[in-house]
Amino acid sequence: MIAEPENKATFYQYRLLKKKAIARSVIHSYLCLPIIMLLFNLLAFSWTGLFFFLLAGPIIAWIHYVIARTILLLVRTSYTKRWRWNLRMPWFGYVPDQHFSYRMFVRVHLNMSWIGLCIITICLLWSPISFTLSLVFWHLWLLGPRLYVVLILARGRKDGLIKLNDHDVSYYLQ
């Protein structure tokens with residue numbers, strides 16, 4: 001392997017300010033919530049509840065993707081390259097896969113929260129109650145871990161970078 005000249009090398013120096021581990025038991029408990037909600041839908045609304053519950057999950061994931069992607073495109077196009085679909089818990093959905101600005105993370109997810117709730121409220125007028133409850137559940141369930149990150153880092157500095165790892169959240173200062 002050929003060494004790069006010094007003037008072309010990029011050095012990143014991040015200082016870890018906070019690292020919050022997420023226990024496996026919390027992740028497993030969190031994974032049980034959709035099963036509990038599915039059983040509730042089956043008991044309360046029969047088989048239509050199952051259909052609406054399974055339909056609401058991908059719809060909410062798509063709504064989150066559209067909202068996040070739109071906000072990222074409106075702010076800067078370079079941010080969209082840092083976000084990917086993640087299918088692992090607790091960061092299921094469209095999330096940043098690199099170091100990412102904490103302010104932008106908060107902006108995207110708070111907008112995703114209220115715009116998603118507005119869309120669900122509009123759907124409330126025309127859709128069955130089991131579908132609406134399923135939409136609300138999936139919306140809150142997908143945003144739960146991300147809003148937890150916003151809450152645990154709310155008292156610290158706002159100019160840092162976050163990194164979502166498989167079992168923890170790291171907050172860095174550049």
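The model is predicted, with local features requiring pLDDT of at least 70 and side-chain atom pairs counted only at pLDDT 80 or more, while totals for chains, interfaces and linings use all residues. Residues are numbered from 1 along each chain as its sequence is written, and side-chain values use heavy atoms, leaving out hydrogens and water.

The protein chain contains three helices and six strands, taken as DSSP runs (helices H or I, at least four residues; strands E, at least two) and numbered from the N terminus. Along the sequence they follow the pattern β-α-β-β-β-α-α-β-β. Of the 174 residues in the protein chain, 41% are buried, that is, under 20% relative accessible area with a 1.4 Å probe, protein chains only.

The largest nonpolar core comprises 42 residues, and V108, L153 and L164 have the most contacts inside it. Such a core is a set of buried Ala, Val, Leu, Ile, Met, Phe, Trp, Tyr and Cys residues joined through side-chain atoms within 4.5 Å. At least two residues of this core come from each of α1 (24-75), β3 (93-96), α2 (102-124), α3 (129-152), β5 (161-164) and β6 (168-173). The largest share, 13 residues, is that of α1. Leaving aside residues up to four places away in sequence, V108 touches A68, I71, L72 and W83, contact meaning heavy atoms within 4.5 Å.

The axes of α1 and α3, lines fitted to C-alpha atoms over the stretch in contact, come within 7 Å and cross at roughly 55 degrees.

How values were computed. Buried < 20%, exposed > 50% of the residue type's maximum accessible area, 1.4 Å probe, protein only. Axes fitted to C-alpha atoms, helices over the stretch in contact; angles between N-to-C directions.
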